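Morning, everyone. I have one structure to show you today. Let me put it on the screen.

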Amino acid sequence: MKIINILNSAKFSLSFEVFPPKKETSYESVKNATEAIAELSPSFMSVTYGAGGGVSQYTLQIAKNLKEKFNIPMLAHLTCVSSSRETVKARIEEMKAAGIQNVMALRGDLTPELMASNREHWDYRHAVESVRELKAGDGDFCIGAACYPEVHPESSTQREDIQFLKEKVDAGVDFLTTQMVFFFFLFFNFLYKLREAGVLCPVIPGIMPITNANQVERAIKLSGSFMPQRFKSLVDKFGSDAEAMKQAGIIYASDQIIDLYANGIKNIHVYSMNKPDVAEGIFRNVSAMLGKVF
Ligand code: FAD
């Protein structure tokens, strides 16, 4: 099923993101974790893709397994930075052959190694180029793309970031998913600016449950996202107690979902990070609301 049909339906949707194994020896444990999340029957699931292609073959393997075993609509991520046109085209053909109908078209992060490499001959510089390629092919994919309520770190202004985002959407993106956001006011502020700029497709807020203290610093560093004092206080209080912190993180994420639902947002994506217990905790907190007509 195409994800855009889920997003445009009248019902609440909750989706979960997982990531592929980094090496063959962890394939089985990742497969088991992703299957445990799929057993919850989320509205759809997404599988991330390694920038530079390092673990890319497992993205499709995990997505195909979940689709075939649980009949869950799957969104396979695809990054293009530093990949050759042939590689990207081959991945698209593999997705088609595997019956994957939804692709998240991303550039990928410019890691320090990539920044230091010779970039002159790269086939792709921005995600919009892979969106155009997906649209030009015969794949008939539903295409998702990334967006940044707190501005992408490479953009000098939000106006510029939104202009490039509009170009990406106009090239054929069906929906957007945001970088993790911990404070729903920031999401709404961004949404108003998108609508004003003529970006009218569905925008799904991305919720990252923070369930251990070590995650806090990493999440802020990676995303640059604002972390409200309310959440920082929970980490101060419970950060050294694993069970208490997990519970606080699940409740905080569920609370964010409730805030968003209450304010008119019916599609929400959770960065569940291969943690079935966390996904299940959040799912159970909102399960009676899921599938209800909005
Ligand atoms: P782009 O859309 O190319 O934007 C990157 C920057 O370039 C922005 O500042 C933008 O304003 C600017 N820009 C865009 N187009 C142009 C243009 N034509 N000319 C000049 N500047 C332009 N990374 C992974 O490696 N694997 C994943 O699976 C993955 N999944 C993600 C999922 C989500 C929901 C999000 C939010 C991010 C994800 N990322 C993933 C991280 C993402 O790859 C990085 O944030 C990356 O730095 C930007 O990717 P993008 O697709 O947004 O790039």
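I'll go through a helix, some strands, a surface patch and the salt bridges.

Ground rules first. This is a predicted model, so local features need pLDDT of at least 70, side-chain atom pairs count only at pLDDT 80 or more, and totals for chains, interfaces and linings use all residues. Residues are numbered from 1 along each chain as its sequence is written, and side-chain values use heavy atoms, with hydrogens and water left out.

Start with helix H3, residues 56-70. Helices here are DSSP runs of H or I, at least four residues, and strands are runs of E, at least two, numbered from the N terminus. H3 has 15 residues and spans 22 Å from first C-alpha to last. That is close to the expected 21 Å, where the expected span is 1.5 Å times one less than the number of residues.

Which residues of H3 are buried? Ser-56, Tyr-58, Thr-59, Leu-60, Ile-62, Ala-63, Asn-65 and Leu-66. Buried means under 20% relative accessible area, exposed means over 50%, and partly exposed is in between, with a 1.4 Å probe and protein chains only. The cover over those residues includes strands S1, S2 and S3, and helices H2 and H4. Just after H3, Asn-71 has a positive phi of about 55°.

Now the strands. S5, residues 142-147, pairs with S6 in the parallel sense over 4 bridges. Pairing takes at least two DSSP bridges between the strands. Gly-144 stands opposite Phe-175 in S6. S6 also pairs with S7, again parallel, over 3 bridges. There, Leu-176 stands opposite Val-203 in S7.

How covered are these strands? In S6, 5 of its 6 residues are buried. In S7, residues 203-207, it is 5 of 5. In a regular strand, side chains alternate between the two faces of the sheet. For S7, both faces are covered: Val-203, Pro-205 and Ile-207 sit on one side, Ile-204 and Gly-206 on the other.

On to the surface. Phe-183, Phe-185 and Phe-226 form a nonpolar patch with about 290 Å² of accessible area together. Areas are Shrake-Rupley with a 1.4 Å probe, and for residues only the protein chains shown count as cover. Patch members have over 30% relative accessible area and no salt bridge; like charges are joined within 9 Å, nonpolar side chains (Val, Leu, Ile, Met, Phe, Trp, Tyr) within 5 Å. Phe-183 lies in the loop between S6 and helix H8. At 33% relative accessibility, Phe-183 counts as partly exposed.

Last topic: salt bridges. How many does the structure hold? There are 15, each a side-chain nitrogen of Lys or Arg within 4 Å of a carboxyl oxygen of Asp or Glu.

Take Glu-35 and Lys-69, with closest N and O atoms 3.0 Å apart. Glu-35 lies in H2 and Lys-69 in H3, so the pair ties together parts 34 residues apart in sequence. Glu-35 is buried, at 10% relative accessible area. Lys-31 joins Glu-35 and Lys-69 in a network of salt bridges.

Then Lys-96. Its side chain meets Glu-93 at 3.1 Å, N to O. Both lie in H4, 3 residues apart, about one turn of the helix. Lys-96 is partly exposed at 27%, and Glu-93 is partly exposed at 44%.

Lys-96 also forms a salt bridge with Asp-138, at 2.5 Å between the closest N and O atoms. Asp-138 lies in the loop between H6 and S5 and Lys-96 in H4, so this pair ties together parts 42 residues apart in sequence. Asp-138 is exposed, at 63%.

That's it from me.

Conventions:
Contact means heavy atoms within 4.5 Å.
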